[in-house]
Amino acid sequence: MEPVLEMKGIYKRFTGVQALKDVNLKLYAGEIHSLIGQNGAGKSTLMKILSGNYKPDQGQILLNGKPVEIGSTAEAAKLGIAIVYQELSLLNNLSVAENIFLGREVTKGLSLSSKAMRAKTVQILTELGIQNIDVDQKLEVFPLAKKQLIEIAKAISMKPSILILDEPTAALTNEDTVRLFNTLFKLKEQGIALVFISHRLAEIKKYCDRGTVLMNGSVTANVRMQDVSELQIIESMLGDTYKSFKRSEKANIDRSRPFLAGKNITLKDSLEDVSFEIYAGEITGFTGLLGAGQDMLWRIVYGHAAANSGEIYVKGRKCIIDRPLKAVQLGIGLLTENRKEEGLFESLSVLDNISIPSLKMYRTAKAFPYIRVKKVKADCMQIAQSVNIVMRNIFTPIKFLSGGNQQKAILSRWLLKSLDLLVFIEPTRGVDVGAKSEIYRLLENLAQKGKAIVVVSTDTTEILGLSDRIIVMKDGRIRGVLDTTPGEEELLRMVQGKEAAV
Amino acid sequence: MKAINSEKKGIRYLFIRSLDTYTLLAMTAILTVFFLSQNPLFLSIGNLFNLIQQNAALIIVAVGMTFVVISGNIDLSSGSIIVFTSCLAGIIFSGTGSIWLALAACVAMATAIGAFNGLLISRLRINPVIVTLSCMIWARGLGLAVTNASSIPIDSAVLTTIYQPFLFGFINISLVIVAACFVLGWHLLKNTRFGRYTYAIGENENTTEQAGVNTKRVIWVIFILAAFLMGLASMVDLARLGSSIPTIGVNMELDAIVAVVIGGNKLSGGYGSFSKTLCGLLFMCILSNGLSTLGVTDDLFFLIKGGIILAALAAQITSNNVKSSYMRAIHAK
Amino acid sequence: MSETGYSLRNTRREAASGFLGKFGILIVAILICIAFSAASDKFLTLDNMFNIFKQISIVAVLSIGMTFVFLVGGMDLSAGANILLSAVVTGALITSKIMPAIPAMIVAILCCGAMGFINGVFVEKFKINPVIVTLGSQLAIKGIALIILRNYNQWIWMNKDETLKFVNVGTIGPVPVILVIVIVLYIIAYLLLIRTNYGRQVYAVGGNEKAAVLCGLKTVSVKMWCYIICGITAGMAGIIAACRLGMVNTQVGNGMEFDAVTAVVLGGASLKGGEANVLKTLVGAVIVGLIMNFLTLNGVHPNFQKVVTGGFILLAAIINRLTIYRKA
């Protein structure tokens, strides 16, 4: 059988990073093909080439045997390639039907035929086996899982021959995942070629037919799922780095007094009675499905969001943290997963990005506000060098740095402030693999120096490698606290709620 | 979706869902009561009729402004475009004696300016505040310059017929124009692709563009439409005053935007409707009309009007906040 | 979340627009000076230069405050009315002999600062769009000023006061007092923005407010002070206006907020915040002043001058858009 789509010898480079090296991919009709790899391995980049967002530096794309050039997202759509990203492309202020028909509305003369579109939408959803959705409801009321299904329905309604799904199950429970795959199986029957991007091995093994494994931009394996074991997949995915990033030694941690303790934190529909303790010198990993509450929890602790009830104790004393300013004063720093929107001052220099929160202590005199620039520069340079930020000089605007270096710069911001507890949400998101291990080493060093570190991540591999202790959350509750290191599959099952033979 | 939440059918939900509208109507009622106490004729048919007649231009402009705001943009040029086109019409009339030419030029020039502004905003991506702010300055200046800041009386039978009642003793052409603009605008926003795209662009222009919509063209047309309506408004004002007066249209831009925003259309875009604009217009018209029937002098007028507008906006925002936190609590994550 | 897609081609454009971005406006100003001095040999004399500077001083001072407000993503369209208020308050206090010149000026500045504070409250605490807020407060402030002015029959003569005369025509050494004031204010503003904690926070809050909150910065307070500073500079500008004109009537300060906006936009500011620069604003104010001066000298009617101002803002924005590097 001929492949519906073939990518041959694809190369793609971004400044400083070779994202894809000689990548080959074959997709067949009626097959679910999984694209496997760690964060930063190149999966998204490869798919963005297919979807028309990027152009490859070298290589060929063949659609049904004929070479094609995909110059834009519109062209990709015309060629029958549809992609569903994790960041959904739906509009919250429109209804389901309006969203699905956006750009392709059915009209009678100049007016919209709302009834016709509504009926067609219901038909599309039913054909896909998606139930219980009121197509006239505005999109903003639906939970993420439903929105994903609607997004898939939208992609399907354009009758693509290739459908790419980028990490669709990160937010889904078991039931949702089953439902999703029922829909995907229907598509399989219709002869559509499906690409399923994930690093959740259990699902991949269970649902996909074949898979291509990427590591550091190159293909390390191209297999039929029934022929390989999970372990073999993991090895192709991680290669040597898996063996190399383990904590060098698990320290002896003084558990007599927690640095921070949270008690009975509750937020309606997000968190339910969450209590935990964080100790100095330890890396505590929080993990769970997307939306299980682990990131919301820390935003609440940091004062960025509010809870309905609960208490926080820092060094034994009860504290009320209603804004980030208070958290910082108590010695807590937070790095969110969204550095572009919530971390970087894009137009400012690296120096500014590192130093601005700490400038108060550089005043020439207590009352006189003039800053001693030389000292600021010296201190920032020292920290930047210690974390190995690659930049032309410290005055370079931070937007010119690569993702990994930007992340390190924001990290440095908190280092300059000498805090006691550092919380990182998805610390290596959008970071190339080289910088990733540097960041891991850095976190380990910080813990050894006695700081309390919290890492929140949906990447179970990362959590496993980094943490002294793992706290698993599901549906807003703490599912379990693990002191000894579990296997990845066991952790994954716990994250998803175990029991149900998936 | 979960089974219909029983809370949703409750009275409290239905009330809070339209809290911003109710707040506005309450404030309008308070103002009305106050003005009524000062002037018992405030709610007379004659005065109510006056209300609409005097604010005909504002209502027409607000129709266009509704589209602009829902698409996430802003247009500060209404007052100045009205001044400029009105002066232009005056000059053409006194030069050629043809009222039709003057009126056509009025509307055509307005549309042309709208097209120009729209191009800068949609293609060159210059911030609409800057584009329309500068238009506000140069258009007014141009109007004043070409007429030497003096009024040009326009004596024309055509203009007088616009205000002559022909139906039921009070309906005249200007009212028909106002009603037509409003109704057509409502239909356009609710039932056509153009209207839907306006909402979509207001919510997220990028996503809408990805869906294949030519967002640049839609935004361009929105500004052309708004300016066209300003031209119509200018025409209506010309007819009402019988001449082109360069000092009219002062603060029209603020009045129009406030009417649209205070009614509940969000300036950030993607949310709103003509019924909201209607409520906002009601408030603004009653405010202006009431203050002038009180015989308030110029300077005090500014102070009071400005103060009330700010207070009303503050009240609206507060009620919006209450509404959002309630809505968030009701819907699951 | 993909890697940033910068290609090598972009870096050269970056370098070019970085230079243009920083010095472009200075080059424009110099070109204009050259053009004018070619047209008239009296142009480049010290006397003339001083005169021109005195004329643009009002807008120049106002532009300082406008820069701050633009830096945090806002705008203050009530500034012209604030200038009127300041002039009126100063004039009223002095001519009614309620207090001597210097305390009167201080009171005026404080009043205007208070107005700025009120603007800040509506923009920050009530989260209303600054354009709408300041259009509204423009009305209110104008109203207050006009009410006070009504008691003086719409006109206050101020040329009797010695202090005011000094400000107007006096000199410190060879340099006019007004010029000294403007330069000192700009130096203070520059140092404030570049070398103090507060100033850097202004850039941070304007650049990315969410990130600033997460860093623990007091964003609301930072933004409020920007509006207050704008009010204060409007107050100072109003005093200078009163001194220069020798009288106060209802037209003082009319439309000056737009000249200030032009200056700031010419100086490369972005309406989103975080990208303005006082020095470039100064050059922008000088350019605006030079062109207006040229037009007035050549008998161009004030109404046409408005056309030029409006066109200017547009031109500045277009040039801004075309030359400054934005990520593709």
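In chain A, six strands form an open sheet with mixed pairing, in the order β18-β19-β20-β15-β21-β22. The edge strands are β18 (332-335) and β22 (477-482) of chain A, each of which pairs on one side only. The model is predicted. The points below treat the sheet of chain A and then chain B.

**The sheet of chain A**

- From one strand to the next, the twist of this sheet averages 20°.
- Helix α10 of chain A, residues 294-301, packs on the sheet. This helix touches β15, β18, β19 (421-425), β20 (452-456) and β21 of chain A.
- The direction of helix α10 makes about 140° with that of β20(A).

**Pairing of β15 and β21**

- Strands of a sheet pair through backbone hydrogen bonds, and the pairing is either parallel or antiparallel.
- Strand β15 (residues 283-288) and strand β21 (residues 469-474) of chain A run parallel and are joined by five bridges.
- Gly288(A) has Met473(A), in β21(A), as its bridge partner.

**Chain B**

- Chain B contains 15 helices and two strands.
- The radius of gyration of chain B is 21 Å, close to the 20 Å given by the globule rule for 333 residues, so chain B is as compact as a globular protein of that length.
- The C-alpha trace of chain B spans about 70 × 55 × 40 Å along its principal axes.
- Of the 333 residues in chain B, 50% are buried.
- Among contacts in chain B with a separation of 6 or more, 78% are between residues 24 or more positions apart.

Technical notes:
Residues numbered from 1 in each chain as written. Chains lettered and ligands numbered in written order. Predicted model: local features only at pLDDT ≥ 70, side-chain atom pairs only at ≥ 80, totals over all residues. Pairing = 2+ DSSP bridges. Helix = DSSP H or I, 4+ residues; strand = E, 2+ residues; numbered from the N terminus. Axes fitted to C-alpha atoms, helices over the stretch in contact; angles between N-to-C directions. Contact = placed C-beta atoms within 7 Å. Rg over C-alpha atoms; globule rule 2.2 N^0.38 Å. Buried ≥ 20, exposed ≤ 12 C-beta atoms within 10 Å, placed from the backbone.
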